[in-house]
Amino acid sequence: MGISIENVSKRFGLFQAIDEVSLEIKTGSLVALLGPSGSGKSTLLRMIAGLETPDTGRISLVGEDATHRSVQERNIGFVFQHYALFKHLTVRRNIAFALEIRKVPTVQIKQRVQELLELIQLEGLGDRYPSQLSGGQRQRVALARALAFQPQVLLLDEPFGALDAKVRKELRLWLRHLHDTVNVTTVFVTHDQEEAMEVASELVVMNKGRIEQSGSPADIYENPNTPFVMGFIGPVNVLPAHTDELITHHSKAETPHSAKEPAHLFLRPHDILIYLEPGEDRIPATIERVIHLGWEVQVELSLTSGQTLIANLTRDSLEELQPKSGQGVFISPRRIKLFSGVAA
């Protein structure tokens, strides 16, 4: 096992940042800690790194208890959101820094730095300074520096948060390929659902210091256990369970094991089918607005009860329906989930 976390808690004054969290991370896996601000994901990462000490519980790395080990004793590579590169050192010297302080022979340092420059695809930029690089290039250097001494675990705290959307997208794919190459146990923190699902092989969804659900991106998206998870992992429509137009669909709805007395209906926008003609189990609706997002089209719909829904259309459906504001249509929910309690 790469990382084992057992009943770990952490409090800052009156704030319970982590509340009895247990988690097993397999060796060589790429795991995302995903959640909103204040969910405890960064605190958990910092405890794995040794930057914070848990109040209770135990953390094991590669089968050995590391709960009270110092950062230096944990053999962990850590990458921060804002690079933390040494401005007065070249790219080559930044990567070599961790090896130099470990007194690694010069010949080995040169060889390792060259390997990493090739790995991060910056072979010709080794003599430049951080100020001469783009944001994406600086983040690659930060990753190479963290990998220089061949750590057992690589931790990344919002690694792409300071970059623009296009560069973030490029680096997501690059990080996935990098992980497949070096195969080091990797945990990264993000609040970006798309980023987590695109990069990680396993998601750990956190909320209020606890783990709501963990599993593969596909499993969590398709089979959320709680209203929070379904509402946080992808867009969703939330309606009262007594919404008259959808009563006939209740018998088809999926009820997760946590639901006792269904109180809300959850529908993904892509699970709402739109038709021009009435039919069995089709519900009348009115198109209020058509929103073009380039790669997809969103349609805002109103039901006769006054409830509002958002549906997604493919390009083919758009050409077939040619939706317009004020147009009457008919919809059919393809998949509904029922959850009890307060809606997400």
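**A walk around the β2-β1-β4-β5 sheet**

Start by selecting strand β4 (residues 56-61), which pairs with β5 in the antiparallel sense over two bridges. Strands here are DSSP E runs of at least two residues, helices are H or I runs of at least four, and both are numbered from the N terminus; two strands pair if DSSP finds at least two bridges between them. You are looking at a predicted model, where local features need pLDDT of at least 70, side-chain atom pairs count only at pLDDT 80 or more, and totals for chains, interfaces and linings use all residues. Residues are numbered from 1 along each chain as its sequence is written, and side-chain values use heavy atoms, with hydrogens and water left out.

Next, click on L61: its bridge partner in β5 is E64.

Four strands make an open sheet in the order β2-β1-β4-β5, with antiparallel pairing. The edges are β2 (15-25) and β5 (64-65); each has a single partner strand, so one side of each is left without a neighbour in the sheet.

What lies across β1 (3-12), β2 and β4? Select helix α1 (residues 41-49), which runs at about 120 degrees to β1. The angle is taken between N-to-C directions, on a scale from 0 to 180 degrees, using axes fitted to C-alpha atoms, for helices over the stretch in contact; contact means heavy atoms within 4.5 Å.

Finally, zoom out to the whole protein chain, with its nine helices and 18 strands. Its C-alpha trace spans about 75 × 45 × 30 Å along the principal axes. Residues 24 or more positions apart account for 69% of the contacts with a separation of 6 or more.
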